[in-house]
Amino acid sequence: IDRYLKDHSYKYSVVKGAEFRASQEALKQKHQLLFQREREENWTLLENLTDENVDHLRNKGLLSQSNPQGFLHLMFVNIIRGFGASTHNKGQNLYWGQLVLRRDVAGLEYLEWKHDLNADGAVGESVPHLFARPNSPENCPVQDYKKYAEKRPGDMLHDYDPLYLSPRHMYSVWDQVWYSRKSLTTAKIGNMLKVILRQ
């Protein structure tokens, strides 16, 4: 529109002119709102993946225990599906200690998510659990968690260490450690979301 008006000798700029400041601000706010809504929809899509969707992603090799990037995707999907998008979509730092391995009274292992590492957990507070699947170890989030712990550097298993670590540039399937001590950036976590949704 601004270009059209310039071509027709209009003397004010709709994009930069002070006369249109209110319109420019309204456009900027609308853009931010739509961007935020699209982001939330993407996280919700990932949170609501079905078992069939996950099987499809496994068959394509996108979710896998056989390489570092596929393993990051697998852990990412397990956590979002198990504990909700609110664990990731606020842009806060994610720590290893937020994912806690526990055992119920019957001895069944499960994972629990702690939103706040400093909180002890209120009595009666409802915390979602991601239970082990002993009858299906290849689709068991607890087994994935344990193997991911094994593939991390041994000194990167403390509560305030990053949850997602960057894959080492050179790796072999026989290597004990697949990940560096460097945290995966927020941009790369966002890129994981895009890659998974694209597939």
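Is Glu-112 buried or exposed? Select Glu-112 and have a look: at 11% relative accessibility, Glu-112 counts as buried, because the cut-off for that label is under 20%. Keep in mind as you click around that this is a predicted model.

**Stop 1: the partner of Glu-112**

Glu-112 and Arg-102 make a salt bridge, and their closest N and O atoms are 3.0 Å apart. Glu-112 sits in strand S2 while Arg-102 sits in strand S1 (residues 99-103), so this pair ties together parts that lie 10 residues apart in sequence. Arg-102 counts as partly exposed, with 34% relative accessibility. This is one of six salt bridges that turn up in a search of the whole structure.

**Stop 2**

Start with Glu-109 and Arg-103: their side chains meet in a salt bridge, at 3.1 Å from N to O. Glu-109 counts as buried, at 14% relative accessibility, whereas Arg-103 counts as exposed, at 53%.

Next, go from Glu-109 to Lys-146, where the side chains meet in a salt bridge at 2.7 Å, N to O. This pair links distant parts of the chain, with Lys-146 in helix H5 and Glu-109 in strand S2, 37 residues apart. Lys-146 is partly exposed, and its relative accessible area is 29%.

**Stop 2: an arginine without a salt bridge**

Follow helix H5 (141-151) to its end and select Arg-152, which is in the loop between H5 and strand S4 (165-167). Arg-152 is buried, yet it has no salt bridge. Which side chain of opposite charge is nearest to Arg-152? That would be Asp-161, 5.3 Å away. To see what surrounds Arg-152, show its contacts beyond four places in sequence: Trp-96, Leu-157, Asp-161, Pro-162, Leu-163, Leu-165, Val-177 and Tyr-179.

**Stop 3: the core**

Time to go inside. The largest nonpolar core has 41 residues, and Phe-76, Leu-99 and Tyr-164 have the most contacts inside it. Colour these elements to see where it comes from: helix H2 (21-47), helix H3 (51-59), helix H4 (68-83), strand S2 (109-113), helix H5 and helix H6 (186-198) each supply at least two residues of this core. Which of them gives the most? H4 does, with nine residues. As background, nonpolar side chains tend to be buried together in soluble globular proteins.

Zoom in on Phe-76. Apart from neighbours within four places in sequence, Phe-76 is in contact with Trp-43, Leu-46, His-88, Tyr-164, Ile-189, Met-192, Leu-193 and Ile-196. Tyr-164, then, is both a contact of Phe-76 and one of the core residues with the most contacts.

**Stop 4**

Tyr-171 is in the loop between S4 and strand S5 (179-183). At 37% relative accessibility, Tyr-171 counts as partly exposed.

**Stop 6**

For the last stop, select Ser-9, in the loop between helix H1 (2-7) and H2. Check the backbone here: Ser-9 is not a glycine, but its phi is positive, at about 60°. Most residues other than glycine have a negative phi. Ser-9 is also exposed, with a relative accessible area of 68%.

Conventions
Residues numbered from 1 in each chain as written. Predicted model: local features only at pLDDT ≥ 70, side-chain atom pairs only at ≥ 80, totals over all residues. Heavy atoms only, no water. Helix = DSSP H or I, 4+ residues; strand = E, 2+ residues; numbered from the N terminus. Buried < 20%, exposed > 50% of the residue type's maximum accessible area, 1.4 Å probe, protein only. Lys, Arg positive; Asp, Glu negative; His and termini not counted. Salt bridge = Lys/Arg side-chain N within 4 Å of Asp/Glu carboxyl O. Contact = heavy atoms within 4.5 Å. Core = buried A, V, L, I, M, F, W, Y, C linked by side-chain atoms within 4.5 Å.
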